[in-house]
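Please look at the sequence and the structure before reading on.

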Amino acid sequence: MTIQTILGAIVIGAIIGVLGRLVLPGRQPIGWVLTIVVGIVAALIGTAIAQAMGVATTDGIDWIELVMQVVLAVIGVGAVAALRGRTRV
């Protein structure tokens, strides 16, 4: 794993996390670092699902894979926000 791979994962994760956060209505009580982490996880899981379905190997932008990643990010951001909201006193 190279530095470029790690930086690419962080950048893509940040974009996916921010898109997921923008799609989710309301305010989420989580920080940007946690949003990026959720985005990275969503991007990795979305890519794995797309590869398993055989849709991750298209030419150009993989729209189906991107939609999967954003949907997973919405679910992840919502879940983390709900958990963080419950733990606050």
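Q: Which residues of helix 1 are called buried, and what makes a residue buried?
A: In this predicted model, the buried residues of helix 1 are Gly-13, Ile-16, Gly-17, Gly-20 and Arg-21. Buried means under 20% relative accessible area, exposed means over 50%, and partly exposed lies in between (1.4 Å probe, protein chains only). Seen down the axis of helix 1, these residues fall within an arc of 135°, so they line one face of the helix. The arc is taken from the directions that lead from the helix axis to the C-beta atoms. The face turned away from this buried side carries the exposed residues Ile-3, Gln-4 and Leu-22.

Q: Why do residues three or four places apart point the same way in an α-helix?
A: An α-helix has 3.6 residues a turn, so residues at that spacing point the same way.

Q: How many helices and strands does the chain have, and what makes a run a helix or a strand?
A: The chain has three helices and zero strands, and from the N terminus on its elements run α-α-α. Helices (H or I, at least four residues) and strands (E, at least two) are DSSP runs, numbered from the N terminus.

Q: Which residues of helix 2 are buried, and which are exposed?
A: Thr-35, Val-38, Gly-39, Ala-42, Ala-43, Gly-46 and Ala-50 are buried in helix 2. They cover an arc of only 145° around the axis, which puts them on the same side of helix 2. On the other side, Val-33, Leu-44, Gln-51 and Ala-52 are exposed.

Q: Why is Ile-49 called partly exposed?
A: Ile-49, found in helix 2 (residues 32-53), has 34% relative accessibility and therefore counts as partly exposed.

Q: Why is Gly-54 called partly exposed?
A: Gly-54 lies in the loop between helix 2 and helix 3 (63-87). Its relative accessibility is 49%, so Gly-54 counts as partly exposed. Gly-54 follows helix 2 and has a positive phi, near 80°.

Q: Is Gly-76 called buried or exposed?
A: Gly-76 lies in helix 3. At 19% relative accessibility, Gly-76 therefore counts as buried. Gly-76 and Gly-60 are 16 residues apart in sequence and 27 Å apart in space, C-alpha to C-alpha.

Q: What share of the chain is buried?
A: Buried residues make up 31% of the 89 residues in the chain.

Conventions: Residues numbered from 1 in each chain as written. Predicted model: local features only at pLDDT ≥ 70, side-chain atom pairs only at ≥ 80, totals over all residues. Heavy atoms only, no water.
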